[in-house]
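Me: I am new to this one and would like to go through it piece by piece. Could you take my questions as they come?

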Amino acid sequence: MAEGNDTGKGLDRTLSRRNFFKVSGMAAAGAAFGLGLSSVSHAAKPPTVSTVSNDTDYWQWVQDQFVLDPDIVYMNLGTTGSMPLRVLEKYNDYNILNARHPRTFESELGATFGLEDQRATLAAQFGCNTDEICLTRNTTDGLDAVVNGLEFNEGDEILITHHEHIGALSPLNVLQDRYGVILTEVEIPVLNVTDKDQFVNAFEDKISDNTKAILFSHITYKTGTRLPAKALCKLARKKGLISIVDGAHAPGMIELDFHDIGCDFYAAAGHKWQCGPGATGILYLRNGGRDLPTFWTQNSSLYTYTAQSYARGEYDIAYSLQYRGQLNIPAHLAMLESCALWEEIGRGRIEEYVCGLGSYLKQRLRDKFGSTGTLFSPDLPGFTTGLTAFNPFAEITDADLITTMVDSLHEKGYQVRYTNFRVKLKDAKDAYALRISTHLFHNRQQIDGLVDAIYDVL
């Protein structure tokens, strides 16, 4: 992984060399257009823990980088994140420059708009090579490019879990309805998670002669369970299967190394836990596609120019997928700024803090509600995350109780959401749960307040 303070230097050098980013000039332009840009103070680089009195002070500094409404404790990162001050500042600057000089991005950054620098920077951060990664609009965009880019035929089988998101299910169902591909759900453990073999064995037991690929969420959006991605991808490789990972909730929450995970494809979001602008994401394609099955770059503006080079053995599929008509360059550049901040803080440190808060929340819920409530999220090393699914009511299939609880918590100043899912694959009714996100701008006092608010409403 790249050292924190080196992140983004390639892009910074490019911008500086071409006089692209001038804070003072952009601030003045923002004031002239009534945007108030000059009032946004650029956040200083984070201090090290050794330079503050204690770890609590350090995380308070991190929390001060955000502009979240102080009257609402925002705990719905699973839907969308919040951009830090310095990311907002860069995003405003880039948008103003682009509005004043619409062709500036191409004339200043070249025909590739500096995206080569972005790809190299992200590759260093996420443990892969530059020709294996590209920027997308979101996780759904990446999954759609992968699922529809691979060649599946009638009778081919794809294994999925029974807790997948519609962003993956939608293109998969197109394959099912259009080409006769078979989708087989694998029941993953929910209430009785103990070790990774439960997940690996569940998939292995479902593999047949027709199985061509497995697709699973690294962190399920329904319960926040972290699946053993490395072990599942190892199983897929052993069986000669394609591995596709829905990583919507991983970047920005946990440290990632795509080469270590060993997946073939990994689609993720930049606007959730990574706290970049909306419509930003990343897509990883292993080994530039060199030893993957036939791949059609249908979600690309460059297929006409690149198809023959792929046939000759020249690869960089990610480059082809990077260009899909007009791109939101300011958003991509701002997401890179968010990634740079995460690198400076330390992704390992963030994972420890976020998952530590998630574990603290789960413990507080157990202490407060005992056997009254149902905790659907495991609190075990390697499985716990910043997403927690909990139902405080005895009747877990009553949707009205949970939706009313969500509304009542919002009135008390806590914004969460609910999810519904089958606990067992063949359950006739869905279970419902509060889904609570704890991130690096939260603290234990806010968690205590939320648990007390749930108890008061109950």
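Me: Where does Ala279 lie?
Reply: Ala279 lies in the loop between β7 and β8. Strands here are DSSP runs of E with at least two residues, and helices are runs of H or I with at least four residues, both numbered from the N terminus. This is a predicted model, in which local features need pLDDT of at least 70, side-chain atom pairs count only at pLDDT 80 or more, and totals for chains, interfaces and linings use all residues. Residues are numbered from 1 along each chain as its sequence is written, and side-chain values use heavy atoms, with hydrogens and water left out.

Me: What is the phi of Ala279?
Reply: Phi of Ala279 is near 60°, a positive value in a residue other than glycine. Most residues other than glycine have a negative phi.

Me: Which other residue of that loop has a positive phi?
Reply: Cys275, which lies in the loop between β7 and β8, has a positive phi of about 60° although it is not a glycine.

Me: Is Cys275 buried or exposed?
Reply: Cys275 is buried, with a relative accessible area of 0%. Ala279 counts as partly exposed, at 41% relative accessibility. Buried means under 20% relative accessible area, exposed over 50%, and partly exposed in between, with a 1.4 Å probe and protein chains only.

Me: How do β7 and β8 run?
Reply: Strand β7 (residues 265-269) and strand β8 (residues 281-285) run antiparallel and are joined by five bridges. Tyr266 stands opposite Tyr284 in β8. Two strands pair if DSSP finds at least two bridges between them.

Me: What is the order of the strands in the open sheet?
Reply: The open sheet has seven strands in the order β2-β8-β7-β6-β5-β3-β4, with mixed pairing. Its edge strands are β2 (133-136) and β4, each pairing on one side only. The twist averages 20° from one strand to the next; axes are lines fitted to C-alpha atoms, for helices over the stretch in contact, and angles run from 0 to 180 degrees between N-to-C directions.

Me: In which sense do β3 and β4 pair?
Reply: Strand β3 (residues 157-161) and strand β4 (residues 182-186) pair in the parallel sense over five bridges. The chain crosses from β3 through helix α8 (residues 166-179) to β4 in a right-handed β-α-β crossover. Right-handed means that, with the strands pointing away from the viewer, the path from the first strand over the helix to the second runs clockwise.

Me: Which strands does helix α7 lie across?
Reply: Helix α7 (residues 139-149) lies across β2, β5 (211-217), β6 (242-247), β7 and β8, running at about 160° to β7. Helix α10 (residues 229-238) also packs on the sheet, touching β5 and β6. Contact means heavy atoms within 4.5 Å.

Me: Changing topic, which residues does Tyr74 touch?
Reply: Not counting residues up to four places away in sequence, Tyr74 touches Leu68, Thr80, Gln415, Phe441 and His442. Tyr74 lies in strand β1 (residues 73-74) and is buried, with a relative accessible area of 14%. The C-alpha atoms of Tyr74 and Val416 are separated by 7.1 Å, although the two are 342 residues apart along the chain.

Me: How many helices and strands are in the chain?
Reply: The chain has 17 helices and 13 strands. Of its 458 residues, 57% count as buried.
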